[in-house]
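Take a look at the chain below. Let us walk through it step by step.

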Amino acid sequence: MTFGTLYTLAEYDRTATILIAAKCKNILLTVKNITQGKENLTREFLAKFPLGKVPALETSTGFTLYETKAIEYYIASQGTEKSAKLLGDSMQEEALITQFITLAENELVPAAEVWLYPLHGWNPANPMFTNRAKQDVKKILKILDSHLVTRTYLVGERITLADIAVSMCLKEFFTMVLDQSWRSEFRNLTRWFVTCVNQKNFVDVIGNVKLCEKEITQFVGKATETVKLVEKKSESATVESTEQKTVPESLYGNHHIESNSDRTMTRGRGGPARRGGGRRGGSGRGGAVKRPSKIFIEPHRHNGIFIARSETDLLVTKNLVPGESVYGEKLISVDEDGMKVEYREWNPFLCNIAAAVLGGIDSIWLNPGDKVLYLGAANGASVSHISDIVGPTGMVYAVEISRQCEHDLMNVARKRPNVIPIMGDARHPDRYQMLVGTVDTLYAELEVHDQSSIIASNMHMFLKAGGRVLISIKTECIDSSAIPAAVFAQEVNKLKEEQVKPMEQLTLEPYQRDQAIVSGM
């Protein structure tokens, strides 16, 4: 009989420790792979697991857990006296097991994000950060190697949860970068690692592990070919769009947009009450658009944003990477003082800041040269426009936890030198503090119920004195059964409790349903 169902993502490495522990305890788990951003956001899933995170466990008795470490410990504590004692034989051993697991999570996991992620093509490489991460890893390896001089396993004389969790944290290091020259310095650690991963319960979950023959120093994977294919598609789309003879209807209606010298648009709305597809996707085809009527570019009252005046008024940003469309938006090329300058249409149905700008928000706290921390970067659509606004002298630190968005976000970052992608959990800003400096503005577009505390922890760590915050509130991710106005008020009060001083609040209809933007400091 199955012990329960483990919800996870396909090939998600955080699940390996749980599954190996279950094997050691002779526990049968049903593994159900879900699609991030779909099944985990359903009402049924969130009723069991409020954060919508995976891995998540539901036992046959209906008991639920949704934090990885909690699931690991719960599985490790199951079984009879005859089964493996993964939590040790005493309180002291259990404390040591917790110590080693915490050491790996706090020291090895952040270093892996800096050193190993660029080798997967997930993050751009930064030699300075990589060298620092190597030194941090070397320090931890020395500690573990010294500890294992007279020991077969980390705690006691049998495999425990510490051996499982730490070896899984080290697996990619041993298979990608710790070649013979590295391993020769850490013979005890290598012997321990090989002993662990060759145990039957390990092999059943992760297969045979092959140690690294030569340290990988740069990204050379298949994704390189994928990037080239994407670039080719973009080029062909540009040619095709250039041949268009008619002016496509604006995505947000034929209405007036306020410029720097013209604020006649009411603080209400413009355009038809159409619904967009949300911020995570896009449609249409990119490329320069040949329009029959003359297009005039005017600066918007918000720095770095412009209006393309023609038969329809379009909100646009100046393209930092001419010729490149990020999410299918239209590219508009105009002559300025004898030079071709390209602008990108900013779709308010896909980007909440654009919706706020069209709604008449007083300030978005984004200016050329600013450094911005973006929490919930998703596929990089909004990130790319902020990249345009802050320009080559600014910087956008884009934090995203979903692996489903990694490919798109990394493609944006590869072509935009002012975007630093950080694949991590915004609940743990300490894990990426080595990548992020002091920022002028923090923008959060999170889809979790505890976003206020997440924003506060990042704000206190990274926001400069006098810096500003801009927060997108999505009611269905907080309480889908409550009246939106009540949810907005509730979140504003939470922000006040976290020492955020709200300054302005604006709902985003007709572009986004039951959502609002709050600015503060």
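Predicted model: local features only at pLDDT ≥ 70, side-chain atom pairs only at ≥ 80, totals over all residues.

Residues are numbered from 1 along each chain as its sequence is written, and side-chain values use heavy atoms, with hydrogens and water left out.

Start with the whole chain. It has 16 helices and 17 strands. Both are DSSP runs, numbered from the N terminus: helices are H or I with at least four residues, strands are E with at least two. Of the 521 residues, 53% count as buried. Buried means under 20% relative accessible area, exposed means over 50%, and partly exposed lies in between (1.4 Å probe, protein chains only). Now consider contacts, meaning heavy atoms within 4.5 Å. Among contacts in the chain with a separation of 6 or more, 70% are between residues 24 or more positions apart.

Next, the interior. In soluble globular proteins, nonpolar side chains tend to be buried together. A nonpolar core is a set of buried Ala, Val, Leu, Ile, Met, Phe, Trp, Tyr and Cys residues joined through side-chain atoms within 4.5 Å. The largest nonpolar core here has 90 residues, and I75, W115, L170, W192 and L375 touch the most other members. Which helix gives the most to this core? Helix α7 (residues 161-176) does, with ten residues. Another core, of 38 residues, lies apart from it; Y117, I361, A398 and L506 are among its members.

Look at W115 again. Leaving out residues up to four places away in sequence, W115 touches T130, A133, K134, V137, F173, V177, L178, W182 and E215. The C-alpha atoms of W115 and P127 are separated by 9.1 Å, and these residues are twelve apart along the chain. P127 lies in helix α6 (residues 127-147). P127 is exposed, with a relative accessible area of 60%.

Now compare two helices. Two packed helices are described by the angle between their axes and the distance between the axes. Helix α1 (residues 16-24) and helix α3 (residues 68-76) pack at about 5 degrees, with axes 9 Å apart. Axes are lines fitted to C-alpha atoms, for helices over the stretch in contact, and angles run from 0 to 180 degrees between N-to-C directions. So α1 and α3 are roughly parallel to each other, a term for angles under 35 degrees. T17, I18, A21 and A22 in α1 meet T68, I71, E72 and I75 in α3.

The buried residues of α15 include I454, I455, M459 and F462. Among the elements covering the buried residues of α15 are β11 (371-375) and α16 (484-497).

Finally, the loops. A cis peptide bond joins V54 and P55, with omega about 0 degrees. P55 lies in the loop between α2 (43-48) and β3 (56-59). Another cis peptide bond joins E509 and P510, with omega about 10 degrees. D337 has a positive phi, near 55 degrees, in a residue other than glycine. Is D337 buried or exposed? D337 is exposed, with a relative accessible area of 83%. D337 sits in the loop between β9 (330-336) and β10 (339-345).

Conventions
Parallel < 35°, antiparallel > 145°, perpendicular 65-115°, else oblique.
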